[in-house]
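Hi,

Here is the structure I said I would pass on. Have a look at it first, and then read my notes below.

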Amino acid sequence: MFNEDPDWHLHLHIILRAKKSLRGKFFDRTFDRLVDGVIFVIIVADDPQNIAFIGIIALFTTYIASYVREVAENIGIKCKIGVFSRDLRLLILGVMLALSAYMPHVIITMLYFLIVFNVLTFIQRILYILKNI
């Protein structure tokens, strides 16, 4: 087999790089969801009686916005659009956590904010995907 193809080492290199990038992509996306979940667990654990339900909804809307993007990319559509990117979401969560020590009511307000913008991002991505299928 190797004797018949003088460029076998180049083909092997391409295959190995593809596997490495797929592994990296897998870990990146898996740990993104894990980090999102941990952040919401920390938020809800701070005051479970008052924010558990809204925290679960915020986590759910975060996951569906991300899930739609994953599905689009799996069917070959680049879906890097959305009014609310993951970076912006993490920034808002960080600010929310920092401010919550001084202003506890900020958490509920920011969770509602996250829900609204996650749903808008979800709808925007759905419409974009349907337009590009």
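Before the notes, one cut-off: a residue is buried under 20% relative accessible area, exposed over 50%, and partly exposed in between (1.4 Å probe, protein chains only). You are looking at a predicted model, so local features need pLDDT of at least 70 and side-chain atom pairs count only at pLDDT 80 or more, while totals for chains, interfaces and linings use all residues. Residues are numbered from 1 along each chain as its sequence is written, and side-chain values use heavy atoms, with hydrogens and water left out.

The overall picture: the protein has 4 helices and 0 strands, and from the N terminus its elements run α-α-α-α. Helices (H or I, at least four residues) and strands (E, at least two) are DSSP runs, numbered from the N terminus. Of the 133 residues, 30% count as buried.

Helix 2 (residues 48-74) packs against helix 4 (residues 106-132) at an angle of about 25 degrees, and their axes are 9 Å apart. Those axes are lines fitted to C-alpha atoms, for helices over the stretch in contact, and angles run from 0 to 180 degrees between N-to-C directions. The two helices are therefore roughly parallel to each other (under 35 degrees; over 145 is roughly antiparallel, 65 to 115 roughly perpendicular, and the rest oblique). By class, their contact has 18 nonpolar, 7 polar and 2 charged residues. Here Ala, Val, Leu, Ile, Met, Phe, Trp, Tyr, Cys and Pro count as nonpolar, Asp, Glu, Lys and Arg as charged, and the others, Gly among them, as polar.

Just after helix 2, Gly 76 takes a positive phi of about 95 degrees. In helix 4, the buried residues include Met 110, Leu 114, Asn 118 and Arg 125.

- Tyr 67 is in helix 2 and counts as exposed, at 55% relative accessibility. Its C-alpha is 9.0 Å from that of Phe 122, 55 residues away in sequence.
- Phe 84 lies in the loop between helix 2 and helix 3 (86-100). Phe 84 is buried, at 2% relative accessible area, and its C-alpha is 6.1 Å from that of Phe 117, 33 residues apart along the chain.
- Ile 42 sits in helix 1 (residues 8-46) and is partly exposed, at 48%.

Cheers
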